[in-house]
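Please read this short report beside the sequence and the model.

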Amino acid sequence: MPERPEDICPRPETLPPQATAPLIAPIYLSSVYRCRDPRQAGAMLGGQTSGYVYRRDGHPNADLLARKCRQLHGAEQAVITASGMGALGLAILSQLRCGDHIVLSSLLYGRSMILLTEESARLGISHTIVDTCDLSATRAAIRGNTRLVVVETITNPCLRVSDLGSLAEITRDSDAALLVDNSFASPIVCRPIDFGADLVTESLTKFINGHSDLVLGLLCGSTKVWERVPTTLSSWGIGSSPMDCYLASRGLSTLALRVKTASGNAMLVAEWLRGQKEIAQVHYPGLSDHPDHQLARRQFGDLFGAVVTFTLRGGQKAAEAFIGAAENIPFCPSLGEASTTLSHPASTSHRGLSEDHRRELQIDGGTIRLSVGIESADWITASLSQGLSL
Ligand SMILES: *Cc1c(COP(=O)(O)O)cnc(C)c1O
């Protein structure tokens, strides 16, 4: 029988034989995989043998990216999630159950705070918010049913540094695991697992991808807390897209170069900002007057990250003038891009807080958060000078 177009067109291809392997991994968009026979399908779905069956459970581009992230963090296990928030959600859903309690740093990223308070409370998970820079207060907040202590390596926007080694020691004496959101540091500046963290999340959207063209997250950690992670990831559908994983792998190939260059620039920019009379305060853990400078030195070595926050003397008006005049530096409320960008916490990340609460966090209308990029330090300071109309 001659083949008809309607029989040819929809038929899946068989791959051509290849004598060579591509240098760069292909993008595996397939939502499903062909199984050889029912025995093989059953063994893979049952987890007795490895292999791909259905994309929500796992796919090669996620595994390739996860493997590099796992190596960078020195972790036993790692998975890629649909976003940084997805990674935190996966940690909650895989580690906790109704009746459990969590201890949270008072300085967590705004959306994390909502997830870990409002959203988690709806699942019957209670919380205590503490200043996790105060180690005895943190120890006192841990109860018999505390299962997780959540902190960030470097906080937004005033860049307080968590003492990960001491926090790990505190949680080790309890039934709680230590979860560290490392998004502001990246594994180039800090590997929380080296200090005893059990779980690490990262927004790959930020430094690891570094090119502002995707949203993805990472959860990594130790085998002893990993049992439910694969099932939870697939059941709640928080997995990643192959295209995004491919792009993030490409971004990650220059991660070390970018973070080292940007952190070096950030140090120079912080020192330069400190010399400007229009600026009341500069927050950067690399500066010796930062409250956590000594801790940062011990924990990070000589890279202090690429985020620098400063407060203009003239308040909101001065910030508006600065943002208008600094034409080279886009105002966009994210961080970790290749280019230098700025954000204004009072109108973006911290707009939901009362003015008193913002003052407590050392944020006012004149506070600007810079994410320093990989341009030359001279170009960045010239662009900042433009903002200050120097
Ligand atoms: C951006 C960010 C997140 C959330 O990551 P998404 O990829 O945007 O979901 C979580 N924590 C911190 C510290 C972040 O900066």
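Buried means under 20% relative accessible area, exposed means over 50%, and partly exposed lies in between (1.4 Å probe, protein chains only). Five of the five residues of strand 5 (residues 177–181) are buried, so strand 5 is largely enclosed by the rest of the structure. Helices (H or I, at least four residues) and strands (E, at least two) are DSSP runs, numbered from the N terminus.

This is a predicted model: local features need pLDDT of at least 70, side-chain atom pairs count only at pLDDT 80 or more, and totals for chains, interfaces and linings use all residues. Residues are numbered from 1 along each chain as its sequence is written, and side-chain values use heavy atoms, with hydrogens and water left out.

Strand 5 pairs with strand 4 in the parallel sense over five bridges. Two strands pair if DSSP finds at least two bridges between them. Here Leu 148 stands opposite Ala 177 in strand 5. From strand 4 the chain crosses through helix 7 (residues 164–172) to strand 5, and this β-α-β crossover is right-handed. That word applies if, with the strands pointing away from the viewer, the path from the first strand over the helix to the second runs clockwise. Strand 5 also pairs with strand 6 (residues 199–203), parallel again, over three bridges. The bridge partner of Leu 179 in strand 6 is Leu 199.

## Strand 2

Is strand 2 (residues 101–105) mostly covered or mostly uncovered? Strand 2 is mostly covered, with five of its five residues buried. His 101, Val 103 and Ser 105 are buried on one side, and Ile 102 and Leu 104 on the other. In a regular strand the side chains alternate between the two faces of the sheet.

Strand 2 has parallel pairings with strand 3 and with strand 4. His 101 takes part in both: it stands opposite Ser 126 in strand 3 and opposite Thr 146 in strand 4. Strand 2, helix 5 (residues 110–121) and strand 3 make a right-handed β-α-β unit.

Four strands form an open sheet in the order 8-9-11-10, with antiparallel pairing. Strand 8 (279–283) and strand 10 (341–343) stand at the edges, each with a single partner strand, so one side of each is left without a neighbour in the sheet. The twist averages 25° from one strand to the next. Val 282 stands opposite Phe 310 in strand 9.

| Strands | Sense | Bridges |
|---|---|---|
| Strand 2 and strand 3 (residues 126–130) | parallel | five bridges |
| Strand 2 and strand 4 (residues 146–152) | parallel | four bridges |
| Strand 8 and strand 9 (residues 307–312) | antiparallel | four bridges |

## Two helix pairs

Two packed helices are described by the angle between their axes and the distance between the axes. Axes are lines fitted to C-alpha atoms, for helices over the stretch in contact, and angles run from 0 to 180 degrees between N-to-C directions.

Helix 11 (residues 255–274) and helix 15 (residues 377–387) pack at about 35°, with axes 10 Å apart. Their crossing is right-handed. A crossing is left-handed if the near helix is turned anticlockwise from the far one by less than a right angle, and right-handed if clockwise. Among the residues of helix 11 in this contact are Leu 268 and Trp 272, and helix 15 brings residues including Ile 380 and Leu 384. Contact means heavy atoms within 4.5 Å.

The axes of helix 3 (residues 60–73) and helix 10 (residues 242–252) come within 8 Å and cross at roughly 35°. This crossing is left-handed.

## Two buried residues

Thr 138 lies in helix 6 (residues 135–141). Thr 138 is buried, with a relative accessible area of 1%. Leaving aside neighbours within four places in sequence, Thr 138 is in contact with Val 130, Asp 131, Thr 132, Val 149 and Leu 167.

Ile 80 is found in strand 1 (residues 77–81). At 3% relative accessibility, Ile 80 counts as buried. Not counting residues up to four places away in sequence, Ile 80 touches residues including Ala 62, Leu 65, Leu 204 and Cys 245.
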